[in-house]
Amino acid sequence: MGRLDGKVCIVTGGNSGIGMKTAEVFGGEGAKLILTDVSDSNKDKVLAKIKKQGGEAIFVKGDITSAEDNEELMRKAVETFGRIDVLVNCAGVLEKGLKPIEEFTDRDYDFVTNINVKGTMSITRAACKIMLEQGSGNIISVASISAKLGISGAVYCASKGAVVSLTRHIAMRYAGKGIRANCICPGTVWTPMTRVQLKDERSPAAEEFYNTVEKHSDLSVGICKDVDIANILLFLASDESRVITGQAIDCDCGCYL
């Protein structure tokens, strides 16, 4: 049996990177999936992989910063599968150049926080309404080790710190109501988005971040891959983690040591 057999899971950022890989891993473990993203360029590819594994999935194109899109997403999820068991918040962005506090622009702030903070909160709000009615649910978000170390761009650090705080708020708010919340704090993960930062835009702030990660991490495993993160999200989505809530779990190859 799959570790997520029968669980209805929404995955944001499902068109690429960690979100897409998470969808593939969850599908192979029996989850019924609702994937969402502002782009659907890889929709057919990811849905085909899930179907090949015997899984069920639909893709709903939408913007997580839009309350209307999020309400429609929840409506389609319930209409299709009858309930929502898990929300995985994978959608997120980095600002160009990962600027420090004295250099970030208002445009950087608006771009990053609109998606990483407002978008995450908006779709989580919509999911929590359904989960409260059900009396059960599981919210899992992707934060960053930047939220704890304070390295990387100032706006990115602040936005991921907000995700950690939001996670604790949800866990406290819904304690005893059947809803739990956790987030993970990855270090550098090899995805299409981070490849740009690693290769093309090594600003001083980005250099500091990656050098710190390299100095303290266990490089014997190489750079963290999307599947490594997806497997941790799988554990948190499964009943194996039923006693875990309100936690920000480091998955950074030890760079927080």
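T120 sits in helix α4 (helices being DSSP runs of H or I of at least four residues, and strands runs of E of at least two, numbered from the N terminus). The model here is a predicted one, so local features need pLDDT of at least 70 and side-chain atom pairs count only at pLDDT 80 or more, while totals for chains, interfaces and linings use all residues. Residues are numbered from 1 along each chain as its sequence is written, and side-chain values use heavy atoms, with hydrogens and water left out.

With a relative accessible area of 4%, T120 counts as buried (under 20%; exposed is over 50% and partly exposed lies in between, using a 1.4 Å probe and protein chains only). Leaving aside residues up to four places away in sequence, T120 touches I64, N89, I115, S141 and L166, contact meaning heavy atoms within 4.5 Å.

Now to the nonpolar cores, each a set of buried Ala, Val, Leu, Ile, Met, Phe, Trp, Tyr and Cys residues joined through side-chain atoms within 4.5 Å. The largest has 29 residues, and I10, I34, M74 and I139 touch the most other members. At least two residues of this core come from each of β1 (8–12), α3 (67–81), α4 (106–134), α6 (154–173) and β6 (179–186). Helix α4 gives the largest share, 8 residues. Another core, of 28 residues, lies apart from it and has C9, V25, V86 and C251 among its members.

Next come the packed helices. Helix α1 (residues 17–28) packs against α9 (residues 226–237) at about 55 degrees, with the axes 8 Å apart. Axes here are lines fitted to C-alpha atoms, for helices over the stretch in contact, and angles run from 0 to 180 degrees between N-to-C directions. The pair is therefore oblique (under 35 degrees is roughly parallel, over 145 roughly antiparallel, 65 to 115 roughly perpendicular, and the rest oblique). On the α1 side the contact includes I18, V25 and F26, and on the α9 side it includes V227, L233 and L234. By class, the residues in this contact split into 9 nonpolar, 3 polar and 2 charged (Ala, Val, Leu, Ile, Met, Phe, Trp, Tyr, Cys and Pro are nonpolar, Asp, Glu, Lys and Arg charged, and the others, Gly among them, polar).

Helix α1 also packs against α2 (residues 43–52), at about 15 degrees and with the axes 8 Å apart, so these two are roughly parallel. M20, A23, E24 and G27 of α1 meet V46, K49 and I50 of α2.
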